Amino acid sequence: MTRALPVGYIPLVDAAPLIVAAEFGFAEEEGLVLELRRAASWSMLRDMLDFGQVAAAQMLSVVPVARALSLGGGAQPLEALMVMALNGQIFGLGPHLPALPFGDPLAAGQALAALNRPLRIGVPFPFSMQAELLAYWLERAAPRAEVQIRTVPPPRMAEALRAGEVDGFCVGEPWGSQAVEQAGARLVWPGSAIWCQAPEKVLATRAGWAEAEPERAGRLIRALWRATRWMADPANRVTLSAVLARRDHLDVGAELIDRALSHRLLIAPTGPEIVVPQFQTFHHGLANFPWRSQAGWIGARLAGRFGLPLPAALETARATFRSDLYRSHIAPLGVSLPRASDKAEGALTRDESLPGTHGPLTLARNQFFDGRIFDPAPAISPK
Amino acid sequence: MSESLTIIVVEPDRARALEIVDALREAGNHRVHVLGDGASLARRVTELRPDLVLIDITSPSRDMLEELALASGPTERPVAMFVDRTDAGLTRAAIEAGVSAYVVNGLAADRIRPVLDAAIARFHLFSRMRSELAATRAALEERKVIDRAKGFIMRAKGIGEEEAYALMRRAAMDQGKRLPEVAQAIVMAAEVLK
């Protein structure tokens with residue numbers, strides 16, 4: 001028997017796992033009918049989750065952690081059942097500013113500081129990986145730069161740049177590339193150049209939903225896992241771009257979407273086009289596993305920015321990424337999973353193989369631009 | 001409630017915006033500002049410091065309110081109220097969940113007034129609760145610091161509690177400082193000397 005499950009999303013390339021699961025039979029295979037509900041803003045999507053209008057939603061990875069730390073709006077505690085996408089963010093500046101070197105965050109940071117003028121940078125939401133990567137970069141590469149972070153709805157980013165409301169942006173695709181096309185923006189770095197394994201979107205539910213509805217939660221997680229595996233096959237890319245481009249989904253040109261999916265970035269209106277490895281990951285290298293350490297990194301960053309006591313914030317944050325539930329629901333697929341649920345973030349200079357629960361598995365290259373390593377293990381009290 | 005409020009209405013549809021403004025005017029002597037789109041929302045909120053922002057629950061500009069709430073601190077944040085027209089279910093759920101969102105269907109004056117009153121009452125209640133909580137917390141913190149400083153003086157000078165307290169109070173008076181400030185300085189010095 002198939003059962004309808006309402007799920008929410010925002011029109012972005014990284015909503016693809018939900019759209020693919022609904023449109024290409026992966027949900028059906030699990031006996032689920034996904035009712036896709038498109039939202040116009042992150043606050044609205046969070047409301048829809050809070051009030052039970054949708055059972056699950058694509059969500060900014062930072063939001064469940066922020067909520068757990070009582071930061072920002074929202075009424076209900078949320079949790080992440082799996083990671084839907086890593087990276088895909090783009091930082092760029094308007095054509096009224098001198099071009100900065102592309103893909104070299106350290107040099108770009110120095111060049112930014114040398115501009116010696118206050119800048120306003122648009123991000124999609126105060127609690128987003130875009131805001132976190134931007135803050136991390138500025139702190140370490142341009143500590144003296146005077147930067148104001150502004151919230152701008154991503155579909156409006158190009159317009160805001162043209163209207164002079166912001167000087168630059170850090171957004172997800174296709175809105176960064178659209179700012180290049182429509183506002184003459186020049187790209188400076190992809191999020192992967194700051195941290196190449198940054199969890200960007202998660203599958204979020206209200207805390208407790210997955211435990212109250214284990215069967216539906218399991219079906220949803222497995223359908224999305226299969227959808228991302230399908231997406232990882234380059235042969236499916238053109239089909240995927242065409243479906244995402246449709247009016248009822250992202251409603252932008254398929255070419256723009258294909259560019260993001262093939263990791264090609266046109267860094268200025270007149271080129272060049274640059275291929276960015278690890279620009280955005282949906283499946284490879286255990287991308288869907290909700291690592292406690294990813295939530296820990298987010299928690300530590302938020303604690304730093306909002307002056308919260310660190311050990312408690314770290315512990316609260318870690319608990320929002322439910323690697324335990326992911327493990328139990330993925331188990332029927334017989335795929336190999338990591339033995340630990342934390343990893344040292346930033347510690348891998350290349351893909352590495354390690355023994356998993358059902359044979360070897362691959363951990364993807366995982367680095368911060370400044371070479372730092374975030375290892376939550378020493379801070380966590382042994383259990 | 002008869003006080004005059006500053007209200008920002010974010011509504012791209014001109015006819016509907018006028019309808020809302022009329023309803024608000026009938027409900028009281030309020031200063032109403034209409035924004036056709038959300039682009040200037042952040043700037044206008046900073047300039048006008050509204051008591052209320054009326055915005056469609058489905059407006060993409062809602063995310064900007066989140067940032068404003070963060071920047072201005074919880075007690076100063078304008079109450080966001082959502083005018084609904086497309087998703088009755090979501091708004092009903094919002095009301096049931098007890099958040100500051102209300103249905104304003106048809107926007108008759110008699111429906112606007114209780115909504116405004118409720119929003120303002122809630123706003124005042126929250127700001128009072130928050131300032132009371134903050135004051136209680138601060139008093140508690142000061143108490144703790146004074147006790148610690150007192151303990152340090154007692155141990156260092158081998159004197160009794162009352163004498164230590166008197167010593168600290170005299171130092172505060174001599175230096176024209178508040179007792180908790182002096183206590184804080186003593187505690188800091190004690191930490192260094194430990």
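**Two chains, one predicted model**

Reader: What share of chain B is buried?

Author: Buried residues make up 28% of the 194 residues in chain B. A residue is buried if 20 or more other C-beta atoms lie within 10 Å of its own, exposed if 12 or fewer, and partly exposed in between, with C-beta atoms placed from the backbone. This is a predicted model, where local features need pLDDT of at least 70 and side-chain atom pairs count only at pLDDT 80 or more, while totals for chains, interfaces and linings use all residues. Residues are numbered from 1 along each chain as its sequence is written, and chains are lettered from A and ligands numbered from 1 in the order in which they are written.

Reader: How many helices and strands does chain B have?

Author: Seven helices and four strands. Helices (H or I, at least four residues) and strands (E, at least two) are DSSP runs, numbered from the N terminus.

Reader: And which pattern does chain B follow along the sequence?

Author: The pattern is β-α-β-α-β-α-β-α-α-α-α.

Reader: Where does chain B touch chain A?

Author: In chain B, 20 residues are in contact with 24 residues of chain A. Contact means that the C-beta atoms of two residues, placed from the backbone, lie within 7 Å. On the chain B side, helix 3 (62-72) and helix 4 (88-96) are the elements that give two or more residues. Helix 3 of chain B gives the most, with seven.

Reader: What classes of residue are on that side of chain B?

Author: That side has 12 nonpolar, four polar and four charged residues. Ala, Val, Leu, Ile, Met, Phe, Trp, Tyr, Cys and Pro count as nonpolar, Asp, Glu, Lys and Arg as charged, and the others, Gly among them, as polar.

Reader: New topic. How is chain A divided?

Author: Into domain 1 (3-85 + 199-247 + 284-340) and domain 2 (87-197 + 256-281). The bounds come from an automatic or database domain assignment. Taken over C-alpha atoms, the centres of the two domains of chain A are 24 Å apart.

Reader: How many residues of domain 1 are in contact with domain 2?

Author: In chain A, 27 residues of domain 1 are in contact with 23 residues of domain 2. Helix 11 of chain A gives the most to the domain 1 side, with six residues. By class, that side has 16 nonpolar, six polar and five charged residues.

Reader: Last one. Is helix 10 of chain A mostly covered or exposed?

Author: Mostly covered: 14 of the 18 residues in helix 10 of chain A are buried.
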